[in-house]
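Colleague: Could you walk me through this model? I have a few questions once it is on screen.

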Amino acid sequence: DVNGCSSLSNIITITHAFAPNLFVYPNPSTGRFQVRSYSAANNILPRSLVVYNNRGEIVIIRNYTQTSPYQKVEIDLRPYGKGIYWIEALDQNGKRLNKNRVVIQ
C-alpha cells in the first residue's frame, strides 16, 4: 500500500451454510413441495428430514430410506401456515448432512 506494507494475513476458507445437494421445489410453494436429497452412496441408507418453523420449532420429522442418488420426499406444510421453513437432512446418527429453506405463500 502507500505506507509500504506488504504483509499477508493467514489464509481462511469461506463456505456457505447451504449444501448444494438438498433441492426443494417448487420454492416458493403453496405448502406442498418435494425435497430431493442427493447421496452418491450405492447402498440403502436411513435418513431423516426435519422441518423447523421460523421460531425454531420442529413441525415435521420425516424418516425415509435413501435408495437412489436423488431420493424424493413429499412434504405438506399447508396446516402450518405461511412463512419461511428450514429443512435439515440428517443421517442415521443425527448428523446434519445438509440444510435448505422453503417459502410458503
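This is a predicted model: local features need pLDDT of at least 70, side-chain atom pairs count only at pLDDT 80 or more; totals for chains, interfaces and linings use all residues.

Colleague: Which residues in the largest nonpolar core touch the most other members?

Modeller: Residues are numbered from 1 along each chain as its sequence is written, and side-chain values use heavy atoms, leaving out hydrogens and water. A nonpolar core is a set of buried (under 20% relative accessible area, 1.4 Å probe, protein chains only) Ala, Val, Leu, Ile, Met, Phe, Trp, Tyr and Cys residues joined through side-chain atoms within 4.5 Å. Of its 17 residues, the ones touching the most other members are F33, V35, L49, I75, L77, I87 and V102.

Colleague: Why is strand 3 largely enclosed by the rest of the structure?

Modeller: Strands here are DSSP E runs of at least two residues, numbered from the N terminus. Strand 3 covers residues 45–52, and it is largely enclosed because the number of its eight residues that are buried is six.

Colleague: What stands opposite V51 in strand 6?

Modeller: Two strands pair if DSSP finds at least two bridges between them. Strand 3 and strand 6 (residues 83–90) pair antiparallel over five bridges. Opposite V51 stands I87.

Colleague: And which residue of strand 4 is the bridge partner of L45?

Modeller: Strand 4 (residues 58–66) runs antiparallel to strand 3, with eight bridges joining them. The two form a hairpin with five residues between them, and G56 in the turn has a positive phi of about 85 degrees. The bridge partner of L45 is Q66.

Methods. Buried means under 20% relative accessible area, exposed over 50%, partly exposed in between (1.4 Å probe, protein chains only). Helices (H or I, at least four residues) and strands (E, at least two) are DSSP runs, numbered from the N terminus.
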